[in-house]
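Take the chain one feature at a time.

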Amino acid sequence: MRLIVGLVLQLVGITLICLTLTAGWVMVDARRAVETEAATSAERVAHHLENLYWQAILWRGSMRRDKILPVPDWESLSTLKLVSPGVCISYAPGDEEPQTLCSQLEGVGSAAPAWFAAAYERIFGAHAAIIRPLTVRQPETGAILVRADAGAAIRQAWRQISIIVGVAASMAVCICLLAAVAIIHALAPTRAIVCGLRQLEQGNYATRLSAIKKGEFGLIARAVNDLAERLARTTAERAALTKRLFEVQEEERRALARDLHDEFGQCLTATLAFAGSIEAAAAKIDPGVAEDARSIGRVAKRMMTTLREALARLRSQDLDELGLEACLVQLAASWNAKAGRKAVIHLRLTGDLADLPQTISTSLYRIAQECLTNAMRHGDSKNVYLRVERAAAADGLVALTVEDDGGGDASRLAAASGHGILGIRERIAAFGGSLSISDATKGVRVVARIPLIAVAPAPMKGLALA
């Protein structure tokens with residue numbers, strides 16, 4: 001739309017410049033026409049008076065100087081007919097006072113506005129007078145002084161400008177309107193192209209532009225469709241890769257949890273047993289050794305507690321055995337049961353979560369883990385609300401919401417580059433979902449939405465992960 005408006009404004013500007021140049025040219029042409037009329041009038045009147053002069057000579061029949069003056073009645077209707085409108089003729093027969101004869105201004109045109117008259121006089125100034133001798137053979141007969149009336153020149157210029165510029169302005173308006181319609185029609189596909197690009201920007205890669213037959217716009221539309229297809233394929237491949245990476249990650253978590261439980265856990269259990277034996281044996285022999293053994297036991301117990309917490313975070317096989325609902329209940333209960341907890345977690349589950357796909361259940365559980373960890377460790381919350389809702393429709397979505405009253409900054413959290421938020425975004429993007437981080441009443445609200453029916457990812461070529 002801005003492009004169309006810009007082009008129309010440029011067209012209007014060019015039209016105004018052309019009209020201005022046309023007005024200037026008309027004013028110059030009008031001045032030249034007035035000067036030409038003045039010169040022509042001088043020539044006609046001089047020829048007429050010269051004829052009167054020679055007629056007087058023949059009539060008087062004498063060549064004496066005091067006998068050869070032209071007749072004084074040259075200011076007649078016949079002379080006035082030879083003078084163009086707006087031209088004044090001055091002539092003095094012999095030594096007489098100069099006589100002036102001016103044509104009327106009514107035939108030139110209507111009076112021009114004051115602003116136009118002032119502009120004309122400021123630009124061009126007064127007209128130069130034209131002096132023509134009555135006859136070169138008898139200079140003593142005098143000369144004719146012709147001067148164009150400034151008012152007549154202004155009237156003539158205004159009349160021509162009114163006519164020509166009026167016609168030009170009418171044509172320019174029509175041309176601008178027709179050109180604007182042509183431009184709007186020619187650039188109409190840009191709206192569809194921009195809308196399609198906006199859809200691609202929002203992640204809707206299923207958008208396709210209809211065929212456009214207007215030359216370059218058709219090429220652009222095909223390029224946009226090819227780009228959308230490539231983005232859809234790339235996004236599907238990336239989603240498949242991300243899902244596979246999370247599967248590998250879960251497998252690594254299980255393997256690490258199993259190794260920690262089987263190796264590190266057994267070593268800690270043996271350490272506790274040895275510490276107890278040493279404490280019992282040295283209780284009566286060496287109290288210092290017994291105290292050292294008790295210290296070793298306390299450290300081993302703390303390590304066992306830390307190991308159990310790590311195993312709880314790493315292990316996800318309980319999802320296969322207990323399901324998402326039970327695991328979420330256990331997660332909330334474990335946080336609430338911790339000594340010295342700062343906040344109480346309130347859990348609410350809505351809808352049937354039992355038949356969710358295993359990959360979605362695992363991702364929801366990991367997202368809930370990360371959000372609760374952030375709310376409990378980095379905020380000053382007293383209450384944290386965890387809600388998991390599944391839409392009633394079969395093709396709906398499942399939404400996980402975590403809201404606290406710790407007074408955090410949602411914009412700062414959304415812009416954070418930490419691994420926690422990045423991992424949440426990647427998990428949600430792998431299923432074609434959306435993540436929203438906004439301000440709550442007293443804190444921050446995080447909402448993760450995952451559609452239950454998504455477009456199946458395209459097969460990935462040359463990709464194999466063990």
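The model is predicted: local features need pLDDT of at least 70, side-chain atom pairs count only at pLDDT 80 or more, and totals for chains, interfaces and linings use all residues. Residues are numbered from 1 along each chain as its sequence is written, and side-chain values use heavy atoms, without hydrogens and water.

The whole structure holds six salt bridges (a side-chain nitrogen of Lys or Arg within 4 Å of a carboxyl oxygen of Asp or Glu). One of them joins Arg387 and Glu403, at 3.7 Å from N to O. Arg387 sits in strand β6 and Glu403 in strand β7 (residues 397-404), so this pair ties together parts 16 residues apart in sequence. Strands (E, at least two residues) and helices (H or I, at least four) are DSSP runs, numbered from the N terminus. Both Arg387 and Glu403 are buried. Buried means under 20% relative accessible area, exposed over 50%, and partly exposed in between (1.4 Å probe, protein chains only).

Another salt bridge links Glu389 and Arg348, 3.5 Å from N to O. Glu389 lies in strand β6 (residues 383-390) and Arg348 in strand β5 (residues 344-350), so parts 41 residues apart in sequence are tied together. Glu389 is partly exposed at 30%, and Arg348 is partly exposed at 45%.

Now helix α9 (residues 324-337), which has 14 residues. Its buried residues are Leu324, Cys327, Leu328, Leu331, Ala332 and Trp335. They lie on the same side of α9, because they cover an arc of only 135° around the axis, taken from the directions from the helix axis to the C-beta atoms.

Terms used. The expected span of a helix is 1.5 Å times one less than its number of residues.
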